[in-house]
Amino acid sequence: LPDYAYVYGLPYQLYQEDKIRRYGFHGTSHQYVSQTAAVSLKQPLTAIRLVSCHLGNGCSITAVKEGKSIDTSMGFTPLEGLIMGTRCGDIDPAIIFYLKRKTGLTRDAVESLLNKDSGLKGICSVNDMREIEELAHAANPRAGLAIEMYCYRIKKYIGAYAAALGWLDALIFTAGIGENSTFIRAGVCQGLAHLGIEVDPEKNDQKSFSAFEIQKQGSRVRVLVIPTNEEREIAEQVVACIEN
């Protein structure tokens, strides 16, 4: 990441002395699917610009420019960024101080609340997206709200990263939800035609154990569903280290 993307707006010595900065997570997954996308696009990774959406119980989005991450949604810890299964994602930091004053919760209790009892679980009491989709289809209002919030946050990051990249060659969906939920993929991409992102409903309904494309014919941006394989990526990096 460039320094202007990973340094927080805090006193600079906190970065220098305490290493407080944006680190990001899921890097192994984002690297694997980015490399797979380059093969699918038949272009070198160094020539393309991608937004990779790792959507599982933990979620992160990374902007990849010419083979390098230039920004990512998770930060100093995995708590920052998207709404996740049990993590809150981006919030006003002052909420933490307000909670302590208003409720008397301890520091550890607040930390547990933000990491284990928030996100989708906090909104609708369920953190498994399959169950939430079933509840939403049954007109459960909080399940519907949870899905709207989830898709909206992802959509905002895609727009921001498209701006940071300058242009977008492909959008990638991966991990448990990204690979399997046609409903979420459609919800995320709805209304993004101005960015060149348009999904074909029939293609989106496919199931595959390998990479496949779901964009409409003529869509400017390719939309790929790529099963991640972090174990393979780790193994390949180990082999590369040994060979070097």
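User: Where is G67 found in this model?

Analyst: G67 is found in the loop between strand 2 (59-65) and strand 3 (68-72). The model is a predicted one.

User: Why is G67 called partly exposed?

Analyst: The relative accessible area of G67 is 37%. Buried requires under 20% and exposed requires over 50%. The value for G67 falls in between, so the label is partly exposed.

User: What does G67 touch, and how far is G67 from A38?

Analyst: Leaving out residues up to four places away in sequence, G67 touches L45, T46 and I48. A touch here requires heavy atoms within 4.5 Å.

User: What makes Q206 partly exposed?

Analyst: Its relative accessible area is 32%. Q206 lies in the loop between helix 11 (201-204) and strand 5 (212-213). Its contacts, not counting residues up to four places away in sequence, are R185, F212 and E213. One of these, R185, is listed among the buried residues of helix 10. Q206 and G9 are 197 residues apart in sequence, and their C-alpha atoms are 43 Å apart in space.

User: How do you know whether Y157 is buried or exposed?

Analyst: Y157 has 13% relative accessibility. The cut-off for buried is under 20%, so Y157 counts as buried. Y157 lies in helix 8. It touches I61, S73, G81, L82 and D90, again without residues up to four places away in sequence. From Y157 to M129 the C-alpha distance is 20 Å, at a separation of 28 residues in sequence.

User: And why is E148 called exposed?

Analyst: E148 also has its place in helix 8. Its relative accessible area is 57%, and exposed means over 50%, so E148 is exposed. E148 and K102 are 46 residues apart in sequence and 29 Å apart in space, C-alpha to C-alpha.

User: Which residues of helix 7 are buried, and how do you know that they line one face?

Analyst: In helix 7 (residues 129-137), the buried residues are M129, I132 and E133. Seen down the helix axis, they fall within an arc of 100°, so they line one face of helix 7. An α-helix has 3.6 residues a turn, so residues three or four places apart point the same way. The face turned away from the buried side carries the exposed residues R130 and E134.

User: What do the buried residues of helix 7 pack against?

Analyst: They pack against four elements: helix 6 (119-124), helix 8 (141-165), helix 9 (175-180) and helix 10 (182-189). In helix 10, the buried residues are I184, R185, G187, V188 and C189. Just after helix 10 comes G191, with a positive phi of about 85°.

User: What makes the phi of A139 worth a remark?

Analyst: A139 is not a glycine, although its phi is positive, about 70°. Most residues other than glycine have a negative phi. A139 follows helix 7 and has its place in the loop between helix 7 and helix 8. With a relative accessible area of 63%, against a cut-off of over 50%, A139 is exposed. H26 is another residue with a positive phi that is not a glycine, at about 65°. H26 lies in the loop between helix 2 (12-18) and helix 3 (27-41).

User: Why does the radius of gyration of the chain agree with a compact globule?

Analyst: For 244 residues, a compact globule would have a radius of gyration near 18 Å, and the chain has 19 Å, which agrees. Along the principal axes, the C-alpha atoms fill a box of roughly 55 × 50 × 35 Å. The chain has 12 helices and 6 strands.

User: What share of the residues counts as buried, and what supplies the area that the chain exposes?

Analyst: Of the 244 residues, 42% count as buried, which means that each of these has under 20% relative accessible area. The chain exposes about 13,000 Å², and carbon and sulfur atoms supply 53% of that.

User: What share of the contacts joins residues at least 24 apart, and how far apart are the mean positions of the charges?

Analyst: Among contacts between residues at least 6 apart in sequence, 59% join residues at least 24 apart. The chain has 26 positive and 28 negative charges, and their mean positions are 4 Å apart.

Notes:
Residues are numbered from 1 along each chain as its sequence is written. This is a predicted model: local features need pLDDT of at least 70, side-chain atom pairs count only at pLDDT 80 or more; totals for chains, interfaces and linings use all residues. Side-chain values use heavy atoms; hydrogens and water are left out. Buried means under 20% relative accessible area, exposed over 50%, partly exposed in between (1.4 Å probe, protein chains only). Helices (H or I, at least four residues) and strands (E, at least two) are DSSP runs, numbered from the N terminus. The arc is that of the directions from the helix axis to the C-beta atoms. The radius of gyration is taken over C-alpha atoms; the globule rule is 2.2 Å times the number of residues to the power 0.38. Accessible areas come from the Shrake-Rupley method with a 1.4 Å probe; for residues, only the protein chains shown count as cover. Lys and Arg count as positive and Asp and Glu as negative; His and the chain ends are not counted. The place of a charge is taken as NZ of Lys, CZ of Arg, CG of Asp or CD of Glu.
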